[in-house]
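The sequence and the structure are shown here for reference.

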Amino acid sequence: MIEDKPLVSVVITTYKRSPEIVERALKSVVRQTYTNLEIFVVNDYPDDVELVEALRNVINRIAEKRNTHYIVVDHNGGACRARNLALEQAQGKYVACLDDDDEWLPQKVQLQVEKLEASPAAAIAYCNAELHYEGDEPDRNRFLTPQQEGNIYFRMIGKNVIGSCSFPMFRVKVLKEVHGFNENMPALQDWELYLRILKHYEAVYIDKPLAIYYFYDGERISTYSDRRTIAYEKIRKLINNDLKLD
C-alpha cells in the first residue's frame, strides 16, 4: 500500500532550459517504480515569460499523473536558493534533487528509499550513474567497482565521490538540520553540502547505475575558474580543523 511507504520529495531546478529537456527529466520521475512522490519544479528564470508558460504547460500535463508543484521565483537566485525554496515546502521523509538536463533510471527512488530505511545511521544514499557524452566519446558508468559506505567524511574531503546532486537521496530532517544548501557558494555547492552532512552522519551506496548524467558543450558554472577558486577556499575553511594533526 502506498500509505506504508514514506513520501519522497523530488526537486527539479531549471534555468533557461528548453521545455523539451525539462520534460525529459520530469518523465524520468514519472517512470519511477516508487510512486509515493511529490514533485517540485522550481523555475529560476522568471524573466522569460514565454518560457515560464511553456514550462507550466509541461508541468500541468505531468500533474495529471503525479503530485506536482510549479514554483516560479521572483528573481534569479541560483540553484541552491531554488532548492531551498522547495525544501521549505517539502513534506517528504526523504528528498532527492534532479538537475533539469539529467534523468533518473526507473528504480532510483525505490532502491535508495529501501537502503535508507534499512540504515538509520545514514543520511545520504548515493549510487552509480551512466555518463552520456556528446560527440564520439563512448558512454560509460561512473564507477567500475563498489564504493565505500558508512563514515566516508575523510574520503569526501579528498574527492567528491558522491558527485552530482542528481545522484543522492537525503533524509529531509538532516538536510534541514544543516540548514539546506549554502546559497553563498559560487561553485561546488553539492560537495560542500555533502561535507556538512557527512561530518555527523553515514552514507550508503547502491552499486547500480540509477541516473543518467549528460556531458554537453556549453556554458557551465564549473568552467569559471575564479568561482571554483573561491569555492575551494570556502571548503578549506569548512574542513580546516579536521585536517589538523595532534
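Serine 164 is found in the loop between α5 (153-158) and β8 (169-171), where helices (H or I, at least four residues) and strands (E, at least two) are DSSP runs, numbered from the N terminus. The model is a predicted one, in which local features need pLDDT of at least 70 and side-chain atom pairs count only at pLDDT 80 or more, whereas totals for chains, interfaces and linings use all residues. Residues are numbered from 1 along each chain as its sequence is written, and side-chain values use heavy atoms, with hydrogens and water left out.

With a relative accessible area of 11%, serine 164 is buried; buried means under 20% relative accessible area, exposed over 50%, and partly exposed in between (1.4 Å probe, protein chains only). Once its neighbours within four places in sequence are set aside, serine 164 is in contact (heavy atoms within 4.5 Å) with Asp99, Asp102, Asp190, Tyr194 and Tyr213.

## Packing of α1 against α2

Two packed helices are described by the angle between their axes and the distance between the axes. For helix α1 (residues 19-30) and helix α2 (residues 49-63), the angle is about 20 degrees and the axes are 10 Å apart. This makes α1 roughly parallel to α2. Axes here are lines fitted to C-alpha atoms, for helices over the stretch in contact, and angles run from 0 to 180 degrees between N-to-C directions; those under 35 degrees count as roughly parallel, over 145 as roughly antiparallel, 65 to 115 as roughly perpendicular and the rest as oblique.

On the α1 side, Pro19, Val22, Glu23, Leu26, Lys27 and Val30 meet Leu51, Ala54, Leu55, Val58, Ile59, Arg61 and Ile62 in α2. The residues of this contact of α1 with α2 divide into 10 nonpolar, no polar and 3 charged, where Ala, Val, Leu, Ile, Met, Phe, Trp, Tyr, Cys and Pro count as nonpolar, Asp, Glu, Lys and Arg as charged, and the others, Gly among them, as polar.

## Charged pairs

Side chains of opposite charge can pair when their charged atoms come close. A salt bridge is taken here as a side-chain nitrogen of Lys or Arg within 4 Å of a carboxyl oxygen of Asp or Glu, and by this rule the count comes to 14 salt bridges.

| Pair | N to O distance |
|---|---|
| Arginine 61 and glutamate 23 | 3.3 Å |
| Arginine 56 and glutamate 53 | 3.3 Å |
| Arginine 81 and aspartate 74 | 3.1 Å |

Arginine 61 counts as partly exposed at 43% relative accessibility, whereas glutamate 23 counts as buried at 17%.

Arginine 56 and glutamate 53 are separated by about one helical turn, because they are 3 residues apart in helix α2. Arginine 56 is partly exposed at 31% relative accessibility, and glutamate 53 is partly exposed as well, with a relative accessible area of 37%.

In the remaining tabulated pair, arginine 81 is buried, with a relative accessible area of 16%, while aspartate 74 is exposed, with a relative accessible area of 61%. Beyond the tabulated pairs, Arg17, Asp100 and Asp101 are linked in a network of salt bridges.

## Helix α3 and its cover

Arginine 81 is also one of the buried residues of helix α3 (residues 79-89), the others being Cys80, Ala82, Arg83, Asn84, Ala86 and Leu87. What covers the buried residues of α3 includes the strands β1 (8-14), β2 (37-43), β3 (67-72) and β4 (94-99), together with α6 (172-177) and α7 (189-198).

## Loop residues

Glutamine 148 lies in the loop between β7 (140-141) and α5, and at 35% relative accessibility glutamine 148 counts as partly exposed. Apart from its neighbours within four places in sequence, glutamine 148 is in contact with Tyr126, Arg155 and Tyr205. Glutamine 148 and tyrosine 205 are 57 residues apart in sequence and 7.2 Å apart in space, C-alpha to C-alpha.

Most residues other than glycine have a negative phi. Histidine 179, in the loop between α6 and α7, has a positive phi of about 70 degrees although it is not a glycine, and histidine 179 is exposed, with a relative accessible area of 70%. Leucine 188 lies in the loop between α6 and α7 and has a positive phi of about 60 degrees, again without being a glycine, but leucine 188 counts as buried at 13% relative accessibility.
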